[in-house]
Amino acid sequence: MRIVLKGIGASRGMTLGRARLVQPSQFLVDETRLEPNEIDAEATRLEGALETARAELKVIRAKLHGALAREIGEFIDAHSLLLSDPELVSGLFDLVRRGRYRASAALKMQRDRLAAVFEAMDDPYLRSRREDIDHVIGRVQAALSRETSPAERQIAARVGTILVSDQIAPAEMTHLAEQGVLGTVCTGSSPLSHSAILSRSMRLPMVVGAHDALAQIHDDDLVMIDGEHGEVVVHPTAQDLARYRQHARDMQREGQRLAQLAHAQTLTACGTSMRLYANAELPAEVAQARAHGAAGIGLYRTEFLFLQRHHLPDEDEQFHAYRDLVLGMGGLPVTVRTLDLGADKADTTGLALTREPNPALGMRGVRLSIRRPALFATQMRAILRASAYGPIRVLVPMVSRAEEIRATRRLMEICARDLRSEGHEIADHFELGAMVEVPAAAIALPALIRLVDFVSIGTNDLVQYTLAADRNNDAVSDLYDPLHPAVLRLLSDTIRCGEKAGKPVCLCGEMASDTTFTPLLVALGLTDFSMHSGAILEVRDALARCDRTRLRRLAPRLLKAESHDEIAALLAGANRGNLRSRASS
Ligand code: PEP
Ligand code: MG
């Protein structure tokens, strides 16, 4: 039966695939008792699921050859034996027939009982085999929950996988596309999580906050995700599939239209020139940035060099990554942000403190780098060495006080001096920038700006810290509001402060890539945007519809507005104006 689950769209696009649940051992069971007339049918379902699980194991066993057959075969045999174990099986049927439990509840009860027996064992080897129980029962649960029709199974066999999970770690995200994953659904997470940011750069549709997904979707169900509207359709109908095909056609047409803007100048409707930079973290993004006519890399998140491994990348490894980035951009400026581990970018290297009570307010970004001078110097040397291959500048994350900028500049100067005396050919001069993502930095910017060469606004964090609303917690997603008057005030002050000091200000948070915010940012005076490269053409297109002169005149009213709604209404009016000016042009 068709089910529609509502969540929040975190990465646009529609996709169709076979569900793969990531927590099969998390049993969500129906504990209501069976009516007497339901017992026989439920016992038959259970028998069928046990048979399917046994048959699956047989197929896996038959496919194993050589060393694999020796190593894994033993486990598969143990699982097959467990599945036929008379005590386990008769216990299950007893629970259904006499206890009137549903099959899934009976499986859960048997699992809990056997797990307790294994855990009480003295022998550590036997104790560790309780995992086998989880695997075997999990396999039967999965078989039990597969209630797809033969026709649906036929379609599902031809499409890829949709991962359904509670949340996905950023490091895992980067591998999903290689594993044939076409989209993701999370019960938790938020559109501002780093996994969602990555998902958008990888153009993998994603829906987050779909609370019931793990309960309502089963392995192998055919699932359609609409990342635009935050919708997950389980067992889509012919009408849904037609909508999916229409969407694919529309996307193709829109892609062809936007492709013509790839090498166009970025101009507003009134002819002001704007700059669009790319955010990057994966090597593939560099090629896309150039293909879409980016003015350079506005934000290179270096933590992804650290996230995907279990040891720290040394100076040479980092140098090669930064050098390739600079070479890849063919002379366009590249902004490398120093390490910003911490909070949801939890690392696998053991660098960040793991047991902080409030990680987002803890040892993150430049705070961690200053605490680990050797690590900071290694990264700084690697960045400066890459300057021999093209323009590169250094950006510092999570700045909240002047001393953090001074300490970074001191380190930069020491590293540059050492590298020159070691015979490295590096640039004569290096630009240092600060991220404005902590309200203190925005408020104290008139003093801080003297210490830097440029500023980059990180709205993902600036909004979360200004409004005390965790960007990763969907329970407070309604409080995470980029159109809050306080956020507008900080954005406007930061942009004006840069203008007065004659220092460039770029905005590299997700607001830059969302075209609903483009008129607002133009109204506040922003001219430099940095976004995942997939959004560059759309933003260029949106800017071409913005009458900057008229929008700038709206700024005082936007800044006087007292609520989100008032701001949204002013922007809606401006948008209508833009549409009119487009129609008349
Ligand atoms: C930001 O906070 O807006 C930003 C660009 O940094 P990150 O998303 O990596 O924290
Ligand atoms: Mg940030």
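Colleague: Which residues does Val438 touch, once those up to four places away in sequence are not counted?

Modeller: In this predicted model, Val438 touches Met398, Val399, Ser400, Leu462 and Tyr465, a contact being a pair of heavy atoms within 4.5 Å. Val399 lies 39 residues from Val438 along the chain, and the C-alpha atoms of the two are separated by 6.9 Å.

Colleague: Why is Val438 called buried?

Modeller: The term applies under 20% relative accessible area, and Val438 has 11%, so it is buried. Val438 has its place in the loop between S13 and H18.

Colleague: How do you know whether Glu437 and Asp461 are buried or exposed?

Modeller: Against the limit of under 20%, Glu437 has a relative accessible area of 2% and Asp461 one of 3%, so both are buried. Leaving aside neighbours within four places in sequence, Asp461 is in contact with Arg364, Glu437 and Arg471.

Colleague: Why is helix H20 described as largely enclosed by the rest of the structure?

Modeller: Of the 9 residues of H20 (residues 459–467), 8 are buried, which is why the helix is called largely enclosed; among them are Asn460, Leu462 and Tyr465. Asn460, for instance, has a relative accessible area of 5%, and its contacts beyond four places in sequence include Leu192, Arg301, Arg471 and Glu510. After H20 comes Ala468, whose phi is positive, near 50°.

Colleague: Which residues does the UniProt annotation "binding site" cover?

Modeller: The annotation comes from an unreviewed entry and covers Arg301, Arg337, Asn460, Asp461 and Arg471, and the lining of the largest cavity includes Arg301, Arg337, Asn460, Asp461 and Arg471.

Colleague: What is the mean pLDDT of the chain?

Modeller: The mean is 87, and 87% of the residues reach 70 or more. Over residues 579–585, however, the pLDDT is below 50, and this stretch has 3 contacts in the model beyond near neighbours in sequence. Where pLDDT is low, the predicted coordinates should not be read in detail.

How values were computed:
Residues numbered from 1 in each chain as written. Chains lettered and ligands numbered in written order. Predicted model: local features only at pLDDT ≥ 70, side-chain atom pairs only at ≥ 80, totals over all residues. Heavy atoms only, no water. Buried < 20%, exposed > 50% of the residue type's maximum accessible area, 1.4 Å probe, protein only. Helix = DSSP H or I, 4+ residues; strand = E, 2+ residues; numbered from the N terminus. pLDDT = per-residue confidence, 0-100. UniProt positions renumbered as here; feature names shortened; annotations may be inferred. 1 Å grid on protein atoms, 1.4 Å probe; cavity = no way out; pocket = protein on both sides within 12 Å on 5 of 7 lines; lining within 4 Å.
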